[in-house]
Amino acid sequence: MFVLTVSGPSDRGLAVTMVTQELIARKLGLSRQLVSFALAGHPQVSEASRKRILAAAQELGYKPNPYARALKKGRTGIVALWIQDLFSTHYIHVMSELNRVVKQAKHELIVNEVGSGGAAQMLSHVPVDAIFAMETPLQVSAYVEAQRGQAVPVISMGAACYLKTDYIKVDLDSATKEAMEHLMSSGYKRIAHATFIGKGLPESSRRVSYTKAMRKAGLKPEFIHYPLGADQRASVRRIVQDYVGQNGCPEAIFCHSDDVALGIYRGLCDMKLRVPEDVAIVGCDGIQDTEYLECPITTIVQPVEEMCALAWNFLTKRFDDGTLKQQQITLKPRLAVRESSLRQD
């Protein structure tokens, strides 16, 4: 049921008429069921009747009521995205792309920044039909356990996934290995890793793969630690300057994210250190900003568009068949080699 607003004969206001399928049926002298079938696109309605009904619906300003449709289907038409934070440029990219996919399917997306909060922080007051969980495996585990079989479908996504639901994993292990091989084959030996991740956390794949690559090559791992926060670029800009002042400058820096790579790039430039002549930089995520510098930054490009499209595809299949076996896929990022990591002879 929708509201049709019609201009009245005077300036005293607007007349409001409720436009329903019943009203269309009365106007055309047809049954309510036939009108419903025509508007729903059922093939048993003749083409002539369908055109007549659609024309009348357009003339009256009828549009389907999403709330009534949701009640009929037993769904709200709303899905949630759980995300670690709302300041990471990569997460904002994921949120924007997933919202585009969801809107295209005529659903609504609500975003819940769950961070490291407990169950109360994770749950929205708005009922949802499903949850897309972006790199929040601990929160999904707690949610599934708390719901005890009554949880809505969950699609886990990203580098850190909960592996007991449907999931789309982005393989940053192999991508980090490729990035490290690129740096080492270019002759860099003192390679530091800029990270906020401690040992053993679910998001530690980049740290673990970096450490393995360094030790395999007989090199000593070196970490530039920074706190996670909304002022990420500004924070690491200061931190890298302090680090270089105390420890000297590494030959190369592999960064946990592109936001960090950009902050480090700016901090090194402040110190009159040249990229890549004095220090090489490699980031991770593939955000657009990395391409728009005097020295474009080499980065691991994450397949955000493919991941979001697959996540929606997984969900629609789950809606169609709740007993479907677990859906899972692993996506490969690509290393975009640019000037920031090319050795200068």
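D129 sits in the loop between α6 (119-122) and β5 (130-134); helices here are DSSP runs of H or I with at least four residues, strands are runs of E with at least two, and both are numbered from the N terminus. This is a predicted model, where local features need pLDDT of at least 70 and side-chain atom pairs count only at pLDDT 80 or more, while totals for chains, interfaces and linings use all residues. Residues are numbered from 1 along each chain as its sequence is written, and side-chain values use heavy atoms, with hydrogens and water left out.

With a relative accessible area of 9%, D129 is buried (buried is under 20% relative accessible area, exposed over 50%, partly exposed in between, with a 1.4 Å probe and protein chains only). What does its side chain reach? The backbone nitrogen of G77, at 2.7 Å. Leaving out residues up to four places away in sequence, D129 touches R75, T76, G77, I78, V152, P153 and F319, where contact means heavy atoms within 4.5 Å.

## Helix α2, one face in

Helix α2 covers residues 32-40, and its V35, S36 and A38 are buried. Looking down the axis of α2, the buried residues fall within an arc of 165 degrees, so they line one face of the helix; the arc is that of the directions from the helix axis to the C-beta atoms. As a rule, an α-helix has 3.6 residues a turn, so residues three or four places apart point the same way.

The buried residues of α2 pack against α1 (21-28) and α3 (47-60). Over on the other side of α2, Q33 and A40 are exposed.

Most residues other than glycine have a negative phi, and most peptide bonds are trans. Against that background, a few spots here deserve a look. The peptide bond from V275 to P276 is cis, with omega near 5 degrees. P276 belongs to the loop between α11 (258-270) and β11 (280-285).

K272 is also found in the loop between α11 and β11, and its phi is positive, near 65 degrees, in a residue other than glycine. Is K272 buried or exposed? At 70% relative accessibility, K272 counts as exposed.

E135 has a positive phi too, near 55 degrees, again in a residue other than glycine. E135 lies in the loop between β5 and α7 (137-147) and, at 4% relative accessibility, counts as buried.

Definitions and conventions:
Polar contact = N/O pair within 3.5 Å; in protein donor to acceptor, adjacent residues only side chain to side chain.
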